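Subject: Structure handover

Hello,

Here is the structure I said I would pass on. My notes on what was found in it follow below.

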Amino acid sequence: MSDDCLFCRIVAGEIPATVVHETKTTLAFRDIAPQAPVHVVLVPKLHEPHAVALAERAPGEVADLFVAAGEVAVAEGIADSGFRLLFNTGADAGQTVFHAHLHLLGGRPLGPLA
């Protein structure tokens with residue numbers, strides 16, 4: 001855990017979030033600025049700055065994120081209609097919180113990424 005990391009503080013319960021799913025290794029909560037009707041952020045409880053670093057250190061936790069995303073998609077009723085999973089890695093990709101995290105978006109048709 002990192003004391004100055006927003007997502008670490010959410011995982012620790014220091015900052016409130018609307019949690020929709022939790023496992024031993026992951027936490028999923030609603031995005032505060034949703035880009036789709038369903039926009040959930042899934043974070044590993046282990047702090048790594050981005051998805052590649054997480055995969056290098058703990059590849060099983062990357063798999064845990066994807067399994068949790070599938071479970072959230074079912075719970076949110078979007079598993080059959082479709083959803084997008086997205087990692088932003090680095091500032092140029094739009095990453096603003098430097099704790100690996102996976103966005104799950106759905107609930108409407110999603111166009112191509114620009």
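This is a predicted model: local features need pLDDT of at least 70, side-chain atom pairs count only at pLDDT 80 or more; totals for chains, interfaces and linings use all residues.

Is histidine 39 buried or exposed? Its relative accessible area is 6%, and the cut-off for buried is under 20%, so histidine 39 counts as buried. A polar atom of its side chain lies 3.0 Å from the backbone nitrogen of glutamine 35. Leaving aside neighbours within four places in sequence, histidine 39 is in contact with Phe29, Arg30, Asp31, Ala33, Pro34, His103, Leu104 and Leu105.

Next, the strands. E3 covers residues 38-44 and is joined to E2 by 5 bridges, the two strands running antiparallel. In this pairing, arginine 30 stands opposite valine 40 of E3. E2 is also joined to strand E1 (residues 19-22), by 3 bridges, and these two run antiparallel as well. A hairpin of 3 residues leads from E1 to E2. One of the paired positions is histidine 21, whose bridge partner in E2 is alanine 28. Strand E2 itself, residues 26-30, is mostly covered, with 4 of its 5 residues buried. As a general point, side chains in a regular strand alternate between the two faces of the sheet.

Arginine 30 comes up again among the salt bridges. How many salt bridges does the structure hold? There are 4, and three of them are described here, including the one between arginine 30 and glutamate 76, where the closest N and O atoms are 2.8 Å apart. This pair links distant parts of the chain: arginine 30 is in strand E2, while glutamate 76 is in the loop between helix H3 (59-75) and E4, 46 residues apart. Both ends are partly exposed: arginine 30 has a relative accessible area of 34%, and glutamate 76 has 23%.

Another salt bridge is formed by glutamate 22 and lysine 45, with 2.7 Å between the closest N and O atoms. Glutamate 22 lies in strand E1 and lysine 45 in the loop between E3 and helix H2 (51-57), so this pair ties together parts that are 23 residues apart in sequence. Lysine 45 has a relative accessibility of 22% and therefore counts as partly exposed.

The side chains of arginine 57 and glutamate 48 also meet in a salt bridge, at 2.7 Å from N to O. Here the two ends fall into separate classes. Arginine 57 counts as exposed because its relative accessibility is 52% and the cut-off for exposed is over 50%. Glutamate 48, with a relative accessible area of 12%, is buried.

The last item is on the surface. Which residues form a nonpolar patch there? They are Phe66, Phe83 and Leu85, which together have about 240 Å² of accessible area. Phenylalanine 83 is found in strand E4, residues 83-86. Its relative accessible area is 33%, so phenylalanine 83 is partly exposed. That value also meets the patch cut-off of over 30% relative accessible area.

Regards

How values were computed. Residues are numbered from 1 along each chain as its sequence is written. Side-chain values use heavy atoms; hydrogens and water are left out. Patches are made of residues with over 30% relative accessible area and no salt bridge: like charges are joined within 9 Å, nonpolar side chains (Val, Leu, Ile, Met, Phe, Trp, Tyr) within 5 Å. Accessible areas come from the Shrake-Rupley method with a 1.4 Å probe; for residues, only the protein chains shown count as cover. Buried means under 20% relative accessible area, exposed over 50%, partly exposed in between (1.4 Å probe, protein chains only). Two strands pair if DSSP finds at least two bridges between them. A polar contact is a pair of N or O atoms within 3.5 Å; within protein, one must be able to donate a hydrogen and the other to accept it, and residues adjacent in sequence count only if both atoms are side-chain atoms. Contact means heavy atoms within 4.5 Å.
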